[in-house]
Amino acid sequence: QRRRVLIVDDDRMLRMLSRLLLEREGYDVIGGENGHHAVELVRRERPDLLIMDLMMPEMDDYEALDLIRRNVAFATLPVIVLTAESGPGTEQRVLELGADDYLIKPFEANSFLARVRAMFRRLDVKAA
């Protein structure tokens, strides 16, 4: 069964690039463009991994991630945050809100895919 990845980013080009990279690796990809979409699509689509931008219109990643993590059904959903923000408190705040990993934009395709594969390896070990 193919893994489902939800990518939420207000940058359409980044969503398209990420989708291309992930589909080439054999993943099914769902896309959203803001924090409201993230919360709605996680509930409706039940992805295996959520990759989301930190700063988005309407509802930022901090708020969306907090809402997702408050729902017990999604407490263990792996989350990778993409951000152009690299300040000293960013990593701490993102991880404290419940992200499992984060990547600074712009990112290298190989590093992006390696983090996705690592996330799924950890899930497979947990499930075994």
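Lys 105 has a relative accessibility of 18%, so it counts as buried. Its salt-bridge partner is Asp 9, with the closest N and O atoms 2.9 Å apart, and Asp 9 is buried too, at 0% relative accessibility. Please keep in mind that this is a predicted model.

**Salt bridges**

- The count comes to 13 salt bridges.
- Asp 9 sits in the loop between strand S1 (4-8) and H1, and Lys 105 in the loop between strand S5 (101-104) and H5, so this pair ties together parts that are 96 residues apart in sequence.
- Arg 115 pairs with Asp 101, their closest N and O atoms being 2.7 Å apart.
- Because Arg 115 belongs to helix H5 and Asp 101 to strand S5, this bridge links parts 14 residues apart in sequence.
- Arg 115 is partly exposed at 27% relative accessibility, while Asp 101 is buried at 16%.
- Through shared partners, salt bridges join Arg 4, Glu 40, Arg 44 and Glu 45 into one network.
- Asp 66 and Arg 70 form a salt bridge with the closest N and O atoms 2.5 Å apart; they are four residues apart in helix H3 (residues 61-70), so about one helical turn separates them.

**Helix packing**

- Helix H1 (residues 12-24) packs against helix H5 (residues 109-127) at an angle of about 60°, with the axes 11 Å apart, so the two are oblique to each other.
- Their crossing is right-handed.
- Ser 18, Leu 21 and Leu 22 of H1 meet Ala 109, Phe 112, Leu 113 and Val 116 of H5.
- By class, this contact has six nonpolar residues, one polar and no charged ones.

Definitions and conventions: Residues are numbered from 1 along each chain as its sequence is written. This is a predicted model: local features need pLDDT of at least 70, side-chain atom pairs count only at pLDDT 80 or more; totals for chains, interfaces and linings use all residues. Side-chain values use heavy atoms; hydrogens and water are left out. Axes are lines fitted to C-alpha atoms, for helices over the stretch in contact, and angles run from 0 to 180 degrees between N-to-C directions. Angles under 35 degrees count as roughly parallel, over 145 as roughly antiparallel, 65 to 115 as roughly perpendicular and the rest as oblique. A crossing is left-handed if the near helix is turned anticlockwise from the far one by less than a right angle, and right-handed if clockwise. Contact means heavy atoms within 4.5 Å. Ala, Val, Leu, Ile, Met, Phe, Trp, Tyr, Cys and Pro count as nonpolar, Asp, Glu, Lys and Arg as charged, and the others, Gly among them, as polar. A salt bridge is a side-chain nitrogen of Lys or Arg within 4 Å of a carboxyl oxygen of Asp or Glu. Buried means under 20% relative accessible area, exposed over 50%, partly exposed in between (1.4 Å probe, protein chains only).
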